[in-house]
Amino acid sequence: MKIFIPLLVFTFIFCEANAQNPEQQPSGDIPTLQVRTNRIYGKLIDENSGKGIEAASVQLYLADKDSLYGGMLTKSNGNFSFTNISTGHNYKLIISALGYEPVERTIRASSAGKGRFEKDLGNISLHPEIKQLADVTITATRPALEMSIDRKVFNVAKSLTATGGTAVDVMKNIPSVSVDIDGNVELRNSTPQIFVDGRPTILTLDQIPADHIEKVELITNPSAKFDASTSGGIINVVLKKEKRIGLNGIATASVGTPGILSGNLSLNMRQGKLNFFMSGGYNQSGGKAKGRTLRENKSQGVTRDFFNQNSVNTRHRKFNSINFGFDYFVDNRNTISITQRFGGGNSRNDELQHQEYLNSDKVVQYYGDRSEDGRWGFNRNSTRLNYKHTFPQEGRELTADVTYNYGNSSSNSTIFNTYFFPDGTEYKSPATVNNDGSNKNNQMTFETDYVHPIGENAKFETGLRAYFNDYKSYFNVFGFDNGQETKLPLSNNYKYTENVNAVYGTYSQKIGTFSYQAGLRAEYSKFDGLLIDSAFKFGYEYPASIKNIWNALFPSLFLTQKIGEDDEIQVNFSRRIRRPDFWQLNPYIEINDPVNLRQGNPQLEPEFISSFELNYSKNYPSGNFLGVLYWRSNPNDITQYSDTITAAQFEQLQNAAVDPNAILNTWVNANTTNRYGAEFTVQHKIGPNFEITPTFNLQYRTVQAKINNTDLSNKGFNWESRLISNYKIKTEKSALFNNLSFQLIADYESPQVIPQGRRLAEFDVDFAMRKDFLKNNRASVTFGINDVFNTRRWGTIYDTENFYQDAYRRWSVRGFRISFSYKFGKADFSLLHRNNRGGDGGDDD
């Protein structure tokens with residue numbers, strides 16, 4: 001029933017938009033609410049693409065007098081309309097547009113007499129006027145970073161250091177975004193919602209090739225139009241999908257160290273009403289990453305003993321993907337798109353740990369060695385159907401789509417532990433733990449959006465969304481001790497369903513240089529989790545009853561004032577929600593690290609966030625500046641909490657060879673967390689070929705929390721700075737150095753306050769250089785170094801009454817990569833026939 005309702009809505013909208021009387025809604029421009037007046041109207045479209053032609057000149061003459069009756073430029077969708085037509089005359093229509101052959105038509109209105117006259121000219125196709133320009137190359141490039149008052153758009157083609165890499169490498173290069181050791185992304189020290197082409201995904205960022213990405217959009221404070229769960233902002237990954245006429249594509253191959261090998265191909269073919277697109281890729285990487293943990297265990301503030309651990313993790317990863325689909329332009333009003341993605345891969349991690357157990361005098365009592373051999377494989381697929389209908393009224397449109405994400409994965413690992421006295425004799429018997437798991441995930445998203453302009457300066461938007469997530473997982477853990485196999489309580493067989501239904505409405509208006517947007521979103525969310533072996537249920541429902549209706553409402557307000565042509569000020573507010581994810585709720589204990597365990601908390605509640613921003617944007621001749629002051633208030637903040645395991649927990653886990661003083665990391669709801677921040681981004685050009693983009697993010701964080709009579713309150717200041725610099729040599733004196741580009745990215749994050757300690761500072765530098773060559777710079781070779789000084793690592797310090805721990809981990813290591821790319825295109829390419837009218841069509845790069 002839950003799935004049936006969105007399907008019914010989708011079907012109704014599709015039928016409503018298409019089931020129009022041909023006499024009332026022909027292929028031209030009769031609006032839904034018709035004005036009873038004499039008129040002549042139609043639409044200009046490109047003969048090849050079927051897309052509307054903007055700013056074409058349309059002139060209407062009285063044919064018998066050869067005098068001009070009226071004229072206009074077509075709108076952005078190609079529409080034109082002449083009203084208050086006098087009957088009893090014949091007319092001549094003359095159309096001209098830059099780059100197209102002129103068109104002339106005769107329109108007979110004399111037979112209408114004094115009756116009502118309406119003439120729909122339908123779609124008028126213009127044929128491109130092809131002229132050969134000798135030795136002339138016209139180029140237009142987008143900047144690496146496009147900044148506006150509500151979002152930043154990062155052009156991935158400008159990211160030299162990410163060439164041949166993954167989306168994780170792209171994120172490292174974007175201002176305001178930081179990436180931790182496991183590839184998790186933060187936006188202003190908060191976790192954002194990751195979208196692919198504007199919709200949820202089951203892909204992780206390291207499963208998306210960088211060469212398949214066109215751009216990345218950052219929205220730090222989303223309006224009511226977007227999911228309420230985007231409390232940390234939105235990072236939308238937009239994949240490449242060309243729409244140029246003919247056949248176009250780009251191929252990239254990369255090789256490097258450690259173990260780097262990748263190849264990617266993107267193709268696009270546009271003919272008539274069809275636009276086909278396809279991309280495929282393979283990516284593999286490796287490397288050895290080191291980690292270290294130094295811990296002091298205490299009892300009532302007195303040192304009890306010490307623990308040291310050093311680890312080396314050898315990683316091998318292989319990912320592959322293929323993405324294809326088409327756009328079908330049914331007519332000038334309706335477009336249907338279908339996209340299919342298949343992806344998969346596998347990885348292997350071999351980790352060695354050496355552990356030292358010391359007494360209070362730092363004398364080694366015994367030591368241990370732990371080895372883990374882990375393998376993981378996955379398949380991640382996605383199907384999307386999209387429908388778009390544009391109305392005769394400019395800017396009025398209806399879109400509806402269904403996205404189905406589905407996939408599975410499997411994993412297995414063997415952990416082997418040995419313990420010895422300093423003299424080499426056995427401290428206790430070896431222990432072995434075997435893990436074996438698999439999961440299956442299905443996600444369905446239904447969404448429809450409607451935009452209705454009200455006059456020239458106002459607009460109303462509304463939409464519906466339904467999201468369903470069904471997840472099942474089986475994970476069995478067996479311990480071997482003295483030849484005996486025991487199924488451990490760590491075995492974790494579970495399933496859960498998640499459902500979020502939403503409706504929103506926004507109204508925006510421009511009054512002179514002032515504009516505003518007010519919106520309200522309502523969401524109902526439900527999460528049902530089940531531990532299959534124990535029949536333990538957990539989850540949440542918001543709102544659970546009508547008296548809690550405020551938990552379902554999420555308003556937003558944006559006020560913008562332009563100051564002259566180049567300055568703009570905006571203040572905005574939104575209320576969002578952060579729902580605990582499955583791993584934060586699941587009571588399963590993860591034991592990959594015997595001294596740092598992780599467990600979810602099924603008692604967690606969602607947190608509600610109020611976000612305020614004051615933005616100032618200024619354009620100046622050499623670049624632009626964006627300054628932001630922000631404040632985020634998080635009552636009930638989901639916060640990590642760490643403590644040593646109890647005697648009962650150790651007894652339960654002893655067959656898994658965990659340390660008796662292991663730290664158990666879990667999550668709790670703090671009383672409140674406040675973040676006060678300021679962010680400044682400058683994009684500045686120094687001469688025609690050198691560009692720098694420095695970003696500074698300053699933040700003061702306060703945490704108020706008390707758990708089990710333990711005060712976790714903390715506060716502190718942290719800051720982050722990133723410098724992106726690009727330089728390109730343009731010279732006619734040397735073919736070798738001409739079109740040689742350089743990119744250097746340096747990033748520093750200061751120590752950051754967490755409830756029981758702080759994160760350690762991080763610093764890294766990436767460098768790349770690229771040489772463009774061949775005609776129209778079709779080909780390029782890129783050499784890149786990720787983490788030049790091999791300093792990228794993630795560390796924390798915990799300082800509590802029970803322990804002090806200084807630890808860091810690394811996942812990726814310094815890498816060297818060389819990549820070759822080749823662009824190709826043919827505007828007159830045809831699968832069915834060759835069309836040489838007006839010349840050979842030439843190349844389209």
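In the predicted model described here, the largest share of the lining of the second largest cavity, three residues, is contributed by strand β33. This strand spans residues 607-620, and together with β34 it belongs to the elements that each supply at least two residues of that lining. The second largest cavity is lined by 13 residues in total, and those that lie nearest its centre are Arg188, Thr220, Ser231, Glu613 and Arg632. When the lining residues are sorted by class, three are nonpolar, seven are polar and three are charged. The volume of the second largest cavity is about 100 Å³, and the count of cavities of 30 Å³ or more comes to ten.

Once the neighbours within four places in sequence are left aside, Ile174 is in contact with Phe154, Val216, Leu218 and Arg722. In soluble globular proteins, nonpolar side chains tend to be buried together.

A further element of the architecture is an open sheet of four strands, in which the order is β31-β32-β36-β35 and the pairing is mixed. The edge strands of this sheet, each of which pairs on one side only, are β31 (589-590) and β35 (638-644). Strands β32, residues 596-599, and β36, residues 663-669, pair in the parallel sense over three bridges. Arginine 598 has asparagine 665, in β36, as its bridge partner.

Taken over the whole protein chain, the secondary structure consists of four helices and 49 strands. The chain has 845 residues, of which 50% count as buried. Among its contacts between residues at least 6 apart in sequence, 67% join residues at least 24 apart.

Definitions and conventions. Residues numbered from 1 in each chain as written. Predicted model: local features only at pLDDT ≥ 70, side-chain atom pairs only at ≥ 80, totals over all residues. Heavy atoms only, no water. Contact = heavy atoms within 4.5 Å. 1 Å grid on protein atoms, 1.4 Å probe; cavity = no way out; pocket = protein on both sides within 12 Å on 5 of 7 lines; lining within 4 Å. Points joined across faces, edges and corners; volume = space filled by probe spheres on them. Nonpolar A, V, L, I, M, F, W, Y, C, P; charged D, E, K, R; others polar. Pairing = 2+ DSSP bridges. Buried < 20%, exposed > 50% of the residue type's maximum accessible area, 1.4 Å probe, protein only.
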